[in-house]
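Have your viewer ready and follow along.

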Amino acid sequence: MKRLDLASDPHTAEARPPNRAWLLWVIAERSMRSAPEKPSRGRWPRATFEIPLLKEGPWPPPRSYWDHVSLSVRSVDRVFMHAYVPGLMTKY
Amino acid sequence: MHRGYPIPSPAALGKIGKGFVKDIERFVADNAIPVVRFAKGQCKEDVAAPYLAEARTRGFHGVVLVGVAQEKESAWRGWRDGGSDGHPHFEFARQSVFPNFYYFYINDSQFGSCFIKVCSYAPFSMWVYCNGHEWAKAQAEQEGLGYTALDNGFASCEDPAPLQRICDRFGAVSMRNLFERWSHRLPSPFTAADRTAGFFHQLAFRQIEFSDTRVFDRPGSGRAWFEQTIREHLDLGRPDQVALIFARRITSRTPGRFRTRVITRGVDPSIQIYLKSAKQKQYFKEAQALRTELSINDTRDFGIGRLVTTENFQALKAVAEAANAALIDLEHAGETCAPDADTLQRIVLPSVEHGQAAPGLRFGDPSVMALLASLVCASPTWLGDSPTPACAPSCRATSAARTHPARWATTSAGWFARA
């Protein structure tokens with residue numbers, strides 16, 4: 001029996017969709033492919049239309065958005081400093 | 001007393017202040033620096049921006065603009081309180097006044113654009129503004145490291161590792177050097193004798209921001225993810241969540257107002273979380289990069305001193321980087337789990353396993369979803385693995401919902417094989 005390990009499978013581990021459109025795209029894309037070895041007995045009608053998606057096109061099954069980071073920088077941003085004369089700050 | 005005044009009188013403070021203003025006017029005239037008087041409500045950065053841009057274009061390093069603005073300040077004022085004309089008694093106290101502040105906008109060779117603000121009244125405080133990203137840009141240019149700017153940050157870099165090393169070099173020494181470099185060039189109310197007598201400036205952190213910027217290669221999709229993340233994390237400002245992010249114990253006596261703010265400027269949303277006077281902010285910068293930044297307004301909130309020293313800076317940096325990483329990890333763990341196309345098809349379509357037909361499972365059907373959640377919860381027992389933290393929210397199926405589908409799935413041969 002072939003076991004599918006959801007937690008460690010590279011396709012399923014931490015796979016995240018951008019939104020519901022992704023799920024629709026998956027279903028439509030699968031339906032438009034050539035017939036599988038075991039047809040699904042017509043339970044899933046073939047899509048005859050294209051679903052308009054984001055301009056950039058859908059991502060292939062994404063593992064995580066963080067895998068699409070092209071540059072990551074940790075840095076100090078704005079700094080405000082107060083320069084004071086300790087001897088003049090208080091009366092005594 | 002070291003200036004030769006017989007008694008400490010308000011007249012002495014007035015003389016020092018007027019002399020300081022004359023020194024500034026002389027400095028401006030000698031160096032032919034443009035002077036602008038800021039109007040009330042005017043954005044000073046916008047006024048100074050063209051002067052700084054022009055200085056950068058021609059490679060000029062120095063003071064490019066002096067701005068004058070009346071602002072509120074707690075300054076020393078003195079008045080006569082008894083005594084005779086021959087031997088008057090003076091009283092001094094700090095009161096709210098509206099003196100002139102002088103903004104020296106500088107294009108520094110190390111820091112790029114920065115400014116120093118000085119008050120013409122005692123106690124002659126100064127404020128220094130600089131930006132760590134601008135400093136890193138100047139260092140990258142000096143080392144010949146190619147980059148593309150993203151506002152005050154980076155959009156891309158030909159070699160990110162050296163860029164991160166440059167950013168890591170920024171510290172208290174850099175900031176102190178900036179102040180020392182310019183406090184000796186600009187007019188000062190203090191003479192060398194004053195400094196010898198102990199009247200010199202000390203630097204303290206007033207506000208410091210630590211940022212974590214992640215540039216996405218598909219910014220449109222990244223932004224869609226960020227907007228979805230905001231919707232899912234509206235509870236980030238609650239005390240229990242804040243305690244997780246800042247790794248600090250929050251009690252009913254912890255000061256400050258705990259809240260999450262989602263602010264939309266134009267079409268760009270940002271999420272803000274508060275702890276005491278510190279603020280953590282996350283937004284999509286220039287529609288290209290996710291920026292997470294912690295703004296610390298009082299270092300005492302984290303039990304760290306205010307003076308600009310290496311120890312204090314490193315302690316603040318450790319707190320901020322841990323908080324920024326914790327927020328990102330929290331969002332990372334909270335992302336919705338979903339299978340890929342192959343797995344989804346294998347689960348939802350009917351199949352035959354070992355000669356036994358297994359029915360299709362409609363994804364989205366409440367009983368199917370409850371069954372999936374139950375299986376994920378029980379996966380350590382069956383599959384020898386532990387559910388990822390990301391699965392945890394989906395595991396809250398009620399016991400009633402679990403019972404029947406689980407029994408049904410047990411009797412439906414092949415389902416477990418697929419799952």
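The report below goes from the whole chain to two local features.

Please keep in mind that this is a predicted model. Chain B holds 13 helices and 16 strands. Of its 419 residues, 31% are buried. Among contacts in chain B between residues at least 6 apart in sequence, 58% link residues at least 24 apart.

Now to the helix pair. Two packed helices are described by the angle between their axes and the distance between the axes. For helix 3 (residues 132-142) of chain B and helix 4 (residues 160-169) of chain B, the axes come within 9 Å and cross at roughly 125 degrees.

| Helix of chain B | Residues in the contact |
|---|---|
| Helix 3 | Ala136(B), Gln139(B), Ala140(B) |
| Helix 4 | Leu163(B), Ile166(B), Cys167(B) |

By class, this contact of helix 3 with helix 4 in chain B has five nonpolar residues, one polar residue and no charged ones.

Next comes the strand pair. Strand 8 (residues 147-150) of chain B pairs with strand 9 (residues 153-157) of chain B in the antiparallel sense, over four bridges. Thr148(B) stands opposite Ser156(B) in strand 9 of chain B. The two strands form a hairpin with two residues between them. In that turn, Asp151(B) has a positive phi of about 55 degrees.

Conventions:
Residues numbered from 1 in each chain as written. Chains lettered and ligands numbered in written order. Predicted model: local features only at pLDDT ≥ 70, side-chain atom pairs only at ≥ 80, totals over all residues. Axes fitted to C-alpha atoms, helices over the stretch in contact; angles between N-to-C directions. Contact = placed C-beta atoms within 7 Å. Nonpolar A, V, L, I, M, F, W, Y, C, P; charged D, E, K, R; others polar. Buried ≥ 20, exposed ≤ 12 C-beta atoms within 10 Å, placed from the backbone. Pairing = 2+ DSSP bridges.
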